[in-house]
Amino acid sequence: MKSPRGSVTVEVAPEGTVTAQITDAAGNTSTQASETAAAADTEVKAPTITLESTGDDDIYNNAEVGEDGTVTATNQLARRLRCGERHV
């Protein structure tokens, strides 16, 4: 797509290569230039969620449940995620 300033914008797939050459109004032609887009990181690893142990009986009792009726859960984020990023 050509813009008013003479630049061109194209969408390129990850690892795709764009090659360009320019010819001016007088017919002078530039050398070719090429650039390859970086690879895309499309792998998403799931977080790991671990609940506080229920003990040997697999049932939470009063000693294992907090005063507010909750148990502790630990969320281990995938390596490339940071706290505050949106997890969908």
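Author: What follows takes up a few residues and some totals.
This is a predicted model, in which local features need pLDDT of at least 70 and side-chain atom pairs count only at pLDDT 80 or more, whereas totals for chains, interfaces and linings use all residues. Residues are numbered from 1 along each chain as its sequence is written, and side-chain values use heavy atoms, with hydrogens and water left out.

Reader: Why is T54 called buried?

Author: Buried means under 20% relative accessible area, exposed over 50%, and partly exposed in between, with a 1.4 Å probe and protein chains only. T54 has 14% relative accessibility and therefore counts as buried. T54 sits in the loop between β3 (48–51) and β4 (73–76), strands being DSSP runs of E with at least two residues, numbered from the N terminus.

Reader: Which residues does T54 touch, not counting those up to four places away in sequence?

Author: With contact meaning heavy atoms within 4.5 Å, T54 touches I59, Y60 and E64 when residues up to four places away are not counted.

Reader: Why does V8 count as exposed?

Author: V8 reaches 57% relative accessibility, so V8 counts as exposed. V8 belongs to the segment before β1 (17–20).

Reader: How many of the residues of the protein count as buried?

Author: Of its 88 residues, 5% count as buried. The protein has zero helices and four strands, helices being DSSP runs of H or I with at least four residues, and its pattern along the sequence reads β-β-β-β.
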